[in-house]
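Hi,

Here is the structure I promised to pass on. Have a look at it first, and then read my notes below.

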Amino acid sequence: MSDFSENNAKLILALKVGKTNAYSYLIDCYSNKLLIYANSLCSNPDLAQDIVQNVFIKIWQKRDKLKTEIDLQGFLYKSVYNEFIDQYRKIKSQTSLEEKYIAAINLTIEETDESNLNALINLVKQEINNLPPKCKETFILSKENGLTNNEIADHLGVSIKSVEAHITKAFSIIRKQLSTKINNVLFLVFG
């Protein structure tokens, strides 16, 4: 393994051909430094660890695309930074969605009393039961069971595009059947 410490290109070549000892060396040599760097970016030790793990996983998965002439240390630090940006964007979009969800809850609560809200939710559920069979099954797997589109596609043996089309069609049918006031209830029930 000490051969790797002196030769960046040799380490990259060993990674490219899938030598696990080269990968172990890479992790042993850089993980602590990258963790410190990632934590300096996000000030969250758990997120920093996720970022560094994701970088190492991506390097292993795409090892055949590594170029022997790159500065591996610089590449690793840049990869950590890019992963931090990706994580930041995900967190930011989740926060935005949470704010919309809270606003919808507040608006719905202000506009309806509890019995009226239950009646609206029952109307939505009734419209779901009236959906075409494939639409209904896909919609329920997604919104009630919480499966991802990939999981639904695998479960039903269809393409992801087909799953997306069924969910879009279901929402379209439900919205058409119900008034726009119920859109807030749809958002509350199914996110």
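To begin with, how many helices and how many strands are there in the chain? There are 10 helices and 0 strands, where helices are DSSP runs of H or I with at least four residues, strands are runs of E with at least two, and both are numbered from the N terminus.

Before the details, a note on the source: this is a predicted model, in which local features need pLDDT of at least 70 and side-chain atom pairs count only at pLDDT 80 or more, while totals for chains, interfaces and linings use all residues. Residues are numbered from 1 along each chain as its sequence is written, and side-chain values use heavy atoms, with hydrogens and water left out.

Some totals next. The chain has 191 residues, and 29% of them count as buried (under 20% relative accessible area; exposed is over 50% and partly exposed in between, with a 1.4 Å probe and protein chains only). If you take the contacts with a separation of 6 or more, 65% of them join residues 24 or more positions apart; contact here means heavy atoms within 4.5 Å.

Now to α3, which runs over residues 20–42 and has a kink of about 45 degrees centred on Y30. The bend at a residue is the angle between axes fitted to the seven residues ending there and the seven starting there. Y30 itself is buried, and so are A22, Y23, Y25, L26, S31, L34, A38 and C42 of α3.

Axes are lines fitted to C-alpha atoms, for helices over the stretch in contact, and angles run from 0 to 180 degrees between N-to-C directions. Under 35 degrees counts as roughly parallel, over 145 as roughly antiparallel, 65 to 115 as roughly perpendicular and the rest as oblique.

What follows α3? That is S43, with a positive phi near 55 degrees. Most residues other than glycine have a negative phi. S43 sits in the loop between α3 and α4 (45–61), and at 61% relative accessibility S43 counts as exposed.

Further along, Q87 is in α5 (residues 72–111). Buried or exposed, then, for Q87? Q87 is buried, at a relative accessible area of 14%. Beyond neighbours within four places in sequence, Q87 is in contact with L47, I51 and N54.

Lastly, α8 (residues 149–156) and α9 (residues 160–177) have axes that come within 8 Å and cross at roughly 105 degrees, so the pair is roughly perpendicular. N149, N150, I152 and A153 of α8 make the contact with I160, V163, E164 and I167 of α9, giving 5 nonpolar, 2 polar and 1 charged residues. Also in α9 is A170, buried at 0% relative accessibility. A170 and I128 are 42 residues apart in sequence, with their C-alpha atoms 7.7 Å apart in space. Leaving aside neighbours within four places, A170 is in contact with L131, C135 and F139.

Cheers

Conventions: Nonpolar A, V, L, I, M, F, W, Y, C, P; charged D, E, K, R; others polar.
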